[in-house]
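Have the model open while you read.

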Amino acid sequence: MAQHGGGRGWYGKAMGAALGVTLLATGASVWTAQAGAVDSPSRATAPATPGSDIKQVAATIAHASEAGARGVNITIDDGPDPVWTPQVLDVLGEYGVKATFCMVGTQAQAHPDLVKKVVAAGHRLCDHSVSHNTAMDKDSQTYQSQQILDAERMITKASGGVRPMYYRAPGGAFTPYSRKLAASRGMRPLGWNVDTKDFERPGTDVIVATVERELPGGPTLLFHDAGGDRTQTVEALRRLLPRLKEQGYSFGFPVR
């Protein structure tokens, strides 16, 4: 999710006293399939261990598409959400497009059925931290570790054993430490090129125009399926997906 307003993001403000804080207390931009079953959950400070099935990936922030020069990466942040994620999945399915869902750990834990639906439809998972703190780069390494690895565990459990393949820091709040840690767990740090700012609800026409104007600068598009009314997001996708296909673009996943 792009940074939009003060430090801890909408999850930290709306849910801090609920799931996010409780979970932490208990255990815990920019152009540059699905993972197998998980091994046993790791402690917050544990990197990949020799002999595990977790393969370290590059720690640089990915923007390019596996689909090549005319590839487009659709990325969906902040869910899953019981109202909007199914609608986004329906539009993606209608046009045969696969996307990367960057999930907040508490949301995945609350809606495991939706995580499984995302996986079953052939989309990829991305770790978007436990509580969506857009200032987490200012916090300690211990805190960053808890946010990243606890969310990995929550998403993996909710999915039925499929690990996230990417890590996207809330608001782009990466640090060298967080990138290296995510990469050691097989999660490529994931950036974006086009911030649609759909979270501001600027109007469907504006969202579509933003994508068409900025897409030549890079292939990774940032949308949201939680955090408020996402009617405009759903309608923008409904317009953009067939239009981009007509223009010769193909849809893929970010490089790993």
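Q: Which unit do β1, helix α2 and β2 make?

A: Before that, a word on the model: it is predicted, with local features needing pLDDT of at least 70 and side-chain atom pairs counting only at pLDDT 80 or more, while totals for chains, interfaces and linings use all residues. Residues are numbered from 1 along each chain as its sequence is written, and side-chain values use heavy atoms, leaving out hydrogens and water. Helices (H or I, at least four residues) and strands (E, at least two) are DSSP runs, numbered from the N terminus. A crossover is right-handed if, with the strands pointing away from the viewer, the path from the first strand over the helix to the second runs clockwise. Here β1, α2 (residues 84-94) and β2 make a right-handed β-α-β unit.

Q: Which strands pair with β1?

A: Two strands pair if DSSP finds at least two bridges between them. With β2 (residues 100-103), β1 has three bridges in the parallel sense, and Asp77 stands opposite Cys102. Five bridges link β1 in parallel to β7 (residues 220-224), where Leu221 partners Ile74. β8 (residues 250-252) also runs parallel to β1, joined by three bridges; Ser250 is the partner of Gly71 there.

Q: Why is β1 largely enclosed by the rest of the structure?

A: Buried means under 20% relative accessible area, exposed over 50%, partly exposed in between (1.4 Å probe, protein chains only). Seven of the seven residues of β1 (residues 71-77) are buried, so the strand is largely enclosed.

Q: What about the two faces of β1?

A: In a regular strand, side chains alternate between the two faces of the sheet. Both faces of β1 are covered: Val72, Ile74 and Ile76 are buried on one side, and Gly71, Asn73, Thr75 and Asp77 on the other.
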